[in-house]
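Please open the model in your viewer and keep the sequence panel beside it. The tour below moves from one selection to the next and says what is to be found at each stop.

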Amino acid sequence: MKSAYDFTFKSIEGGQLDFSKYKGKILIVTNVASRCGFTNQYEGLQKIWEEYKDRNVVVIGISSDDFNQELKSKEEVKKFCEVNFGINFPMTDITKIKGDKAHPFYKWVKETYGSAPKWNFYKILINKNGQVQNTFSSLTKPDSKKFKSAIEKML
């Protein structure tokens, strides 16, 4: 049975971001964009990262321009995130997340869980077994009581 830990992305830092190194941890996988009305959710994602990283929770930002709201290069995205939000959680290079050219991780989520991002800042919670536990739309803020409660239940 396939799990989230079977996937690899191109890292925003260069090289690979291999999910297998997070085996046994809870993953919060969020497609992000720098020019979106929800971009301020970077702040909440960073807070979640700081609060839960020592409790085996990993926040991962999947940079995507599928909704035409991302900067043009990974270098621009990296600088924007660091300067404006102090982001230091793992992030990917700009990645396709929808349609036929979607990254295999997003195809797997759709096939196994029946859900796909409808907009930026769509949050996928992956449990310690590497399976989709839940998803949250852009409207759910990462530092909301609802979202944090879902994380707490998985710990």
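**A first stop on a strand**

Begin by selecting Gln-133, which lies in strand E6; helices (H or I, at least four residues) and strands (E, at least two) are DSSP runs, numbered from the N terminus. This is a predicted model, in which local features need pLDDT of at least 70 and side-chain atom pairs count only at pLDDT 80 or more, while totals for chains, interfaces and linings use all residues. Residues are numbered from 1 along each chain as its sequence is written, and side-chain values use heavy atoms, with hydrogens and water left out.

With a relative accessible area of 40%, Gln-133 is partly exposed; buried means under 20% relative accessible area, exposed over 50%, and partly exposed in between, with a 1.4 Å probe and protein chains only. Show its surroundings next: leaving aside neighbours within four places in sequence, Gln-133 is in contact with Tyr-113, Leu-125, Ile-126, Asn-127 and Met-154, where contact means heavy atoms within 4.5 Å. If you then draw a distance from Gln-133 to Thr-30, 103 residues apart along the chain, their C-alpha atoms are separated by 14 Å.

**Helix H4 and its two sides**

Now select helix H4, residues 145–154, and colour its buried residues, which are Phe-147, Ala-150, Ile-151 and Met-154. These residues cover an arc of only 95 degrees around the axis, which puts them on the same side of H4; the arc is that of the directions from the helix axis to the C-beta atoms. Turn to the other side of H4, and you will find Lys-145, Lys-146 and Lys-153 exposed. The cover over the buried residues of H4 includes strand E3 (26–32), H1, strand E4 (57–63), E5 and strand E6 (132–136).

**Helix H1 and its partners**

Axes are lines fitted to C-alpha atoms, for helices over the stretch in contact, and angles run from 0 to 180 degrees between N-to-C directions. H1 and H4 are therefore roughly parallel to each other, since angles under 35 degrees count as roughly parallel, over 145 as roughly antiparallel, 65 to 115 as roughly perpendicular and the rest as oblique. To see where they meet, show Ile-48, Glu-51 and Tyr-52 in H1 together with Lys-148, Ile-151 and Glu-152 in H4.

Stay on Ile-48 in helix H1, which counts as buried at 2% relative accessibility. Beyond its neighbours within four places in sequence, Ile-48 is in contact with several residues, among them Ile-28, Val-59, Pro-142 and Ile-151.

Which residues make the contact when H2 is brought into view beside H1? The axes of H1 and H2 come within 10 Å and cross at roughly 75 degrees, and the two helices are therefore roughly perpendicular to each other. The contact is made by Tyr-42, Glu-43 and Gln-46 of H1 and by Phe-80, Cys-81 and Phe-85 of H2.

Move on to helix H3 (104–113), where Phe-105, Tyr-106, Trp-108 and Val-109 are buried. Seen down the axis of H3, these buried residues fall within an arc of 155 degrees, so they line one face of the helix. The face of H3 turned away from its buried side carries the exposed residues Lys-110 and Glu-111.

Just after H3, select Gly-114, which takes a positive phi of about 75 degrees.

**Two asparagines in loops**

Finish with Asn-56, in the loop between H1 and E4, where phi is near 65 degrees, a positive value in a residue other than glycine. Asn-56 is partly exposed, with a relative accessible area of 37%.
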